[in-house]
Amino acid sequence: MRHALIVSAVLTLSLPLNSYAKTPSVAVDIAPIHSLVSQVMEGVGQPNLLIPAGASPHQYTLRPSEAKALADAEVVFWVGEGLTPWLEKSLENLAESAQKIEVLEVSGTTTYPFREGVTFESHDDGEEEGHDDAHAFEWAGAFKLAAGEYVWTFAKVDGNYADPKMKLVILASNLDGEAAIEHSEKTAEVLIESRAIEQFHGDTLTANDSNAYQLVFDTDKNLTEFRIVINKEGVYTVFAEHAPSEFEAGEHFFQTADHRDIEPLAQESDAGTDADEHHNHDGVDPHAWLDPENAKIWINEINQVLSKHDPKNAKVYDYNAKQAIAELNTLIVTTRKKINSIEGLKFIVFHDAYQYFEKRFGISAAGSIALGDAEDPSPARIKEIRDTVKEIRVTCVFTEPQYNPGLVENVFEGTTVSAIGVMDPLGASLPVGNSHYQQLIQGMVESLSQCK
């Protein structure tokens, strides 16, 4: 409250009455970065969050309101392609004129490669084989559909379609979710690379394994719609040459005939590579926001960028940035003290997202259950982790709110693990806004303190 009152005073004393009129529209990818931007913008405006805190950033389809926020943005702050591989094309198509700040690339940011070794699986492990191959499709989704009629809509963005035409395949499946997509991939590849049947605005598409559709968009219309008729209830996979988000400017891309949104059970994007994988685990680990020292560097960058876009409010941005950095300095000190007071930490995490936090505060996980985000571990990896648990007598393991805790319980049944807790790198259960980042770091400390 005291900080808010001071910000209000700064606004009143130093800014003209019309200074609010030109506050830049700002969009941010994930909740922790949104929190940092919110702190700098306090008293001036509020940034728009693109990906809800409870959703996986590696795999997400923007809702119409989120796509509009991105299209309207003058400034976009995002972590980078390593975290949200699907977002890069949305930035190109929806926010072409916006200034885009990839925080991992900000000068002074500490970054680390993905970990390897005995308990952090090598990036060239054989079970990753095949994911480097480019697919004929860019996006795939699996849907649970009742018999009936549906509408798939393609919209112009900034006056143009992302492409004048696009191939699309619809296949029925006896499987569910990601398994349905994986099982149908080869058939979809063959169909997309074969001759396709041209379809135009208002035409009807059905599920079939004999041909792909060549969708031709009507350049005289802002929206091109296709009817999809489903004759039997079940799971259906859709493979497309472009991601649906590239053609979203208003309504959701897939709806029932009475305009209710249909969401996929599972989806894959970025040239057919599973969006939950970090490109075979090569390159920079993108979870750099878990080092508060990086957050301080980004606060300064946010201040500089916003001040250039909105010089009338520069004094407020600068004041807020200094306050935020002071609070982060305090957070670093208190976090280090609490971590140092926890003796004999021996823990395993669900996936390797925490090395920035660990290295900043002098602790280290014994390993991770899964190599990639949300990727199920192989039997060989499970054995390796169980052997590590026995060898160094790991006592606790942390799952994440987005993933199934039953998997963790099964992996460690009959071992020395006596506590299964939750550690969340995104803060899914925390309120979005100014205090989100500090609460996120504090919550990780609380999780570790329960590791007995």
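Reader: In β10, which residue is the bridge partner of isoleucine 197?

Author: Strands of a sheet pair through backbone hydrogen bonds, either parallel or antiparallel. Here, isoleucine 197 has tyrosine 213 of β10 as its bridge partner. Strand β8 (residues 197-199) runs parallel to β10, joined by three bridges. Two strands pair if DSSP finds at least two bridges between them; strands are DSSP runs of E with at least two residues, helices are runs of H or I with at least four, and both are numbered from the N terminus.

This is a predicted model, in which local features need pLDDT of at least 70 and side-chain atom pairs count only at pLDDT 80 or more, while totals for chains, interfaces and linings use all residues. Residues are numbered from 1 along each chain as its sequence is written, and side-chain values use heavy atoms, leaving out hydrogens and water.

Reader: How many bridges join β7 to β10, and are the two parallel or antiparallel?

Author: Strand β7 (residues 165-173) is antiparallel to β10, with four bridges. Methionine 166 has leucine 215 as its partner in β10.

Reader: Which way do the side chains of β10 point?

Author: In a regular strand the side chains alternate between the two faces of the sheet. In β10 (residues 213-216), Tyr213 and Leu215 point one way, Gln214 and Val216 the other, and all are buried (under 20% relative accessible area with a 1.4 Å probe, protein chains only; exposed is over 50%, partly exposed in between).

Reader: And how do I read helix packing, say α6 with α7?

Author: Two packed helices are described by the angle between their axes and the distance between the axes. For α6 and α7 (residues 314-340), the axes come within 9 Å and cross at roughly 180 degrees. Axes are lines fitted to C-alpha atoms, for helices over the stretch in contact, and angles run from 0 to 180 degrees between N-to-C directions. The pair is therefore roughly antiparallel (over 145 degrees). Among the residues making the contact are Ile299 and Leu306 of α6 and Tyr317 and Leu328 of α7; contact means heavy atoms within 4.5 Å.

Reader: Is histidine 242 buried or exposed?

Author: Histidine 242 is buried, at a relative accessible area of 15%, and sits in the loop between β12 (234-240) and β13 (254-256). Its side chain makes polar contacts with the side chains of aspartate 163 at 2.9 Å and glutamate 246 at 3.4 Å. A polar contact is a pair of N or O atoms within 3.5 Å; within protein, one must be able to donate a hydrogen and the other to accept it, and residues adjacent in sequence count only if both atoms are side-chain atoms.

Conventions
Angles under 35 degrees count as roughly parallel, over 145 as roughly antiparallel, 65 to 115 as roughly perpendicular and the rest as oblique.
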